[in-house]
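Here is a friendly briefing to keep beside the viewer while you look around. Take the topics in any order you like.

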Amino acid sequence: CFMSDMVWEFVTRQVWPVVSDLFGDDCDCVLDPSSAFAWSLKANGKSTFPRNGEFRSWQNAVSGINSTVPKERAAETENGYRGFGSSFGLPHRDFSASDSIVAVDRVGKEDIEETDTNDDPAILTVWIPINDATLDNGCMYVVPREFDADFSRTDDEHCHMNPATEVQRGVSSKIHFPLHGVRALPAPAGSLISWYGNTIHWGSSCSRHSKTPRKSIALTFRRAKRTNQSTTPTRRSSVDEVPVSALAPAPITIAQACALTPELRLALISRSLLLYNQWHALADDAVPPL
């Protein structure tokens, strides 16, 4: 769907302004260069769970390391590729708190207490259901900040980036957050749902009895001042112009998003697929490494 003009018109005209308001302070935001995700669940009651070490590999990839893992044996896949049509059911954070939160500037602000929780976001995930997301067809679940004791933890401890660990693959998991704090996010089609990059979240499975499996898209936006535009050289002087090279990923401005060529859209999709390649085990000829 991210090859379509209609999708990008929707993102730039309707999604982007709302996200900018969420960042606040008249802040410009940019789109993560590996952020074009779309899901179409199957009514099979299944969920994808990463193998040992896979999720850490994926978190490394999010940070800019395009690592890959060996492909699974054919006997472990379904219809050739594991995970197609499944939700990602392991509670997780996409980014750490140090990546996701802008600390409150307390200089000259005596009225701000040390325990103030109104830190601004540096990274926001935006999730949009294409059809109605329900408890039955695979809506998202999140752990609100008030129930997440490790939400603002910035010491990179194992427990922060691993809020849940699998005990028996696809059967049981050990969680490190209170179940009573979990909230389901059923939402009508076209809703814009957003959370901090370090929010614990996961997708639920679509019931075998559901007639309309959940379909959705997601994007990751960053606060513009938290990105380093100069790290990716281009032949143009303005960051509002489309980069010539699709092989040197840089955060995408709204002006660039409005002018993405088919080649650049395909590069964005490919980079996004490479992140999910950590557990979906796509064939090399389907998504070649960058």
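D150 counts as buried, because its relative accessibility is 16% and buried means under 20% relative accessible area, exposed over 50%, and partly exposed in between (1.4 Å probe, protein chains only). Its side chain meets that of R153 in a salt bridge of 3.3 Å, N to O, and R153 is partly exposed, with a relative accessible area of 28%. Please keep in mind that this is a predicted model, where local features need pLDDT of at least 70, side-chain atom pairs count only at pLDDT 80 or more, and totals for chains, interfaces and linings use all residues. Residues are numbered from 1 along each chain as its sequence is written, and side-chain values use heavy atoms, with hydrogens and water left out.

**Salt bridges**

- A salt bridge here is a side-chain nitrogen of Lys or Arg within 4 Å of a carboxyl oxygen of Asp or Glu, and by this rule the count comes to six.
- D148 and R93 are joined by a salt bridge of 2.7 Å, N to O. D148 lies in the loop between β8 (140-143) and α4 (158-161) and R93 in the loop between β4 (87-88) and α3 (97-100), so this pair ties together parts that are 55 residues apart in sequence.
- Both partners, D148 and R93, are buried.
- Helices (H or I, at least four residues) and strands (E, at least two) are DSSP runs, numbered from the N terminus.
- E9 and R13 also meet through their side chains in a salt bridge, at 3.2 Å, N to O. They are four residues apart in helix α1, which means that about one helical turn separates them.
- E9 is partly exposed at a relative accessible area of 41%, whereas R13 counts as exposed at 61% relative accessibility.

**Aromatic pairs**

- Rings of Phe, Tyr and Trp (its six-membered ring) pair if their centres lie within 6.5 Å; planes under 30 degrees apart count as stacked, over 60 as edge-to-face and the rest as tilted.
- How many aromatic pairs does a search of the whole structure find? The search finds six.
- W16 and F221 form an edge-to-face pair, with 5.1 Å centre to centre and 80° between the planes. W16 lies in helix α1 and F221 in strand β14 (residues 215-223), so the pair ties together parts that are 205 residues apart in sequence.
- Are W16 and F221 buried or exposed? W16 is buried, and F221 is buried as well.
- Y141, F177 and W202 form one aromatic cluster.

**Surface patches**

- Patches are made of residues with over 30% relative accessible area and no salt bridge; like charges are joined within 9 Å, and nonpolar side chains (Val, Leu, Ile, Met, Phe, Trp, Tyr) within 5 Å.
- Accessible areas come from the Shrake-Rupley method with a 1.4 Å probe; for residues, only the protein chains shown count as cover.
- D21, D25, D26 and D28 gather in a patch of negative charge on the surface. Lys and Arg count as positive and Asp and Glu as negative, while His and the chain ends are not counted; the place of a charge is NZ of Lys, CZ of Arg, CG of Asp or CD of Glu.
- D28 sits in the loop between α1 (5-23) and β1 (29-31) and counts as exposed at 58% relative accessibility.
- V18, L22 and L192 make a nonpolar surface patch of about 210 Å². L192 is placed in the loop between β11 (183-185) and β12 (193-196) and counts as partly exposed, at 30% relative accessibility.

**Contacts across the sequence**

- C139, in the loop between β7 (123-129) and β8, counts as buried at 0% relative accessibility. Its C-alpha atom is separated by 5.8 Å from that of S204, 65 residues apart along the chain.
- V102 belongs to strand β5 (residues 101-102) and counts as buried, at 15% relative accessibility. V102 and D119 are 17 residues apart in sequence and 5.9 Å apart in space, C-alpha to C-alpha.
- E166 is part of strand β9 (residues 164-168) and counts as partly exposed at 26% relative accessibility.
- H209 lies in the loop between β13 (200-203) and β14 and, at 71% relative accessibility, counts as exposed. The C-alpha atoms of H209 and N137 are separated by 8.6 Å, and the two are 72 residues apart along the chain.
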